[in-house]
Amino acid sequence: MLVVLKKDLPIQVLEKIKSLIYNYHETIRLLYLNDQPILWVTELDSNEIDLFSDYNEFIERIISEPISWPLATRAVRPQGSVINVGNQCISEEIFHVIAGPCAVESWEQLYNIAIQLKELGIIFFRAGVFKPRTSPYSFQGLGKEALMMLKELKQRFGFYIVSEVVSELNVELLSEYVDILQIGTRNAQNFELLKAVAKTQKPILLKRGMAMRIEEWLYAAEYILSQGNSKLILCERGIRTFETYTRFTLDLTAVAAVKRLTHCPVFVDPSHAAGTAELVEPLALAAIGAGADGLLIEVHHAPVAALSDKDQQIRPLDLKRLLSKSATILPHFGKRLGIVSTACC
Ligand code: PEP
Ligand code: MN
């Protein structure tokens, strides 16, 4: 059960409520979804609920079902979260497409892709700086040098930058230059990293672990939200199944389910699920049908020459077609494409 308290309740009342629940510390916790105080009651019987009867005027809502993820549950924000990134909003109404190469490879590569994505109206540019590769002998990313290139790119083109944090050691460095910190599939249950990233108070894009159940994904979300950071986007990127024809299996069932379970915007990354460029468009369009709030797509000007994930990166021209199709269907799902140009459509 959740008791959603009023945001503006006087501090003395809050103190009184805290002293009331002091003896119930095993079963009642005071949590905050940003500045929204919430009492999470795990095990009280209905008589004990009378504890709060003198405080009814400070209670906004009571959600009586048992709840395992008190800050991630949609019940605490039925209208869905709106995440501000600079002058942009990530929400259930505006469908953003985060696009860019798997990794920063050189300034020429970055500039070439950026100029074409800017032309298409892309606002959120993704590119890996530190790459979590399966083999230690594969290209690991250019690190700090790449970060400086992204800084320059942001200044020239005005993009918001999305990049992955792979280690607690780099959280501070990345949060200085990056607008949305990505947690990749391999770190989705690295709880110390989740906490460190959440503490930066930057927007976070949390990918689903490739072997994570929905419940575990929501607990990972809870790790971030419980640090007082509710600027959280979830991103389905494919899970490991018995199927080996594709790189992973895009779990759109989870997208439809998680949309109902949580207030966090849910994005879909069809690129890493597909593993092959030709499947990116159909999966992306299906994601819209499943209720996704945005996409994360790998785009490269010359995919065959890419240093990582070359088979799955689409070309700017392919993205243009995808954006145009998305713009047509999104209004049927109560959304519109969040891009700044009409060049694509
Ligand atoms: C990526 O976005 O480049 C990436 C490594 O993704 P994932 O963590 O989903 O494999
Ligand atoms: Mn990649």
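Helices (H or I, at least four residues) and strands (E, at least two) are DSSP runs, numbered from the N terminus. By that rule, Asn-34 sits in the loop between β2 and β3. This is a predicted model, where local features need pLDDT of at least 70, side-chain atom pairs count only at pLDDT 80 or more, and totals for chains, interfaces and linings use all residues. Residues are numbered from 1 along each chain as its sequence is written, chains are lettered from A and ligands numbered from 1 in the order in which they are written, and side-chain values use heavy atoms, with hydrogens and water left out.

**The four-stranded sheet**

- Four strands make an open sheet, ordered β2-β3-β1-β4, with antiparallel pairing. Two strands pair if DSSP finds at least two bridges between them.
- Strands of a sheet pair through backbone hydrogen bonds, either parallel or antiparallel.
- β2 (28-33) and β4 (59-63) are the edge strands, each pairing on one side only.
- On average, neighbouring strands of this sheet are turned by 20 degrees against each other, direction ignored. Axes here are lines fitted to C-alpha atoms, for helices over the stretch in contact, and angles run from 0 to 180 degrees between N-to-C directions.
- β2 and β3 (residues 36-41) run antiparallel and are joined by six bridges. Ile-28 has Val-41 of β3 as its bridge partner. Tyr-32 stands opposite Pro-37 in β3.
- β1 pairs with β3 over three antiparallel bridges. Val-4 has Ile-38 of β3 as its bridge partner. Val-3 stands opposite Leu-39 in β3.
- β1 also pairs with β4, over four antiparallel bridges. There, Val-3 stands opposite Ile-62.

**Which strands are buried?**

- Buried means under 20% relative accessible area, exposed means over 50%, and partly exposed lies in between (1.4 Å probe, protein chains only).
- Six of the six residues of β3 are buried, so β3 is largely enclosed by the rest of the structure.
- Both faces of β3 are covered. Gln-36, Ile-38 and Trp-40 are buried on one side, and Pro-37, Leu-39 and Val-41 on the other.
- In a regular strand the side chains alternate between the two faces of the sheet.
- In β1, Leu-2 and Val-4 point one way, Val-3 and Leu-5 point the other way, and all are buried.

**The hairpin turn**

- The hairpin of β2 and β3 has two residues between the strands.
- Asn-34 is not a glycine, yet its phi is positive, at about 55 degrees.
- Asn-34 is partly exposed, with a relative accessible area of 35%.

**Helix α1 across the sheet**

- Helix α1 (residues 11-21) lies across β1 (2-5), β2 and β3, and runs at about 145 degrees to β2.
- Ile-21 belongs to α1. Its relative accessibility is 8%, so Ile-21 counts as buried.
- Leaving aside neighbours within four places in sequence, Ile-21 is in contact (heavy atoms within 4.5 Å) with Ile-28, Leu-30, Leu-39 and Phe-52.
- Ile-21 and Val-41 are 20 residues apart along the chain, and their C-alpha atoms are separated by 9.9 Å.

**The manganese site**

- Which residues coordinate the manganese ion (ligand 2)? They are Cys-102 (SG), His-272 (NE2), Glu-298 (OE) and Asp-309 (OD), at 2.1 to 2.4 Å.
- Donors are N, O and S atoms within 2.8 Å of the metal (3.2 Å for Na, K and Ca); water is not among the atoms, so sites may look incomplete.
- The spacing of the donor residues in sequence is C-x169-H-x25-E-x10-D.
- Cys-102 lies in the loop between β7 and α2, and Glu-298 in strand β14, so the pair ties together parts that are 196 residues apart in sequence.
- Cys-102 and Glu-298 are both buried.
- Asp-309 lies in the loop between β14 and α10. Asp-309 is buried, with a relative accessible area of 15%. Asp-309 has a positive phi of about 45 degrees although it is not a glycine.

**Helix α10**

- Helix α10 (residues 316-329) has 14 residues. From first C-alpha to last it reaches 20 Å, close to the 20 Å expected at 1.5 Å a residue. The expected span is 1.5 Å times one less than the number of residues.
- Its buried residues are Pro-316, Asp-318, Leu-319, Leu-322, Leu-323 and Ser-326. They cover an arc of only 145 degrees around the axis, which puts them on the same side of α10. The arc is that of the directions from the helix axis to the C-beta atoms.
- On the other side of α10, Leu-317 and Thr-328 are exposed.
- The cover over the buried residues of α10 includes β7 (94-100), α2 (107-119), α9 (280-290), β14 (294-298) and β15 (336-337).
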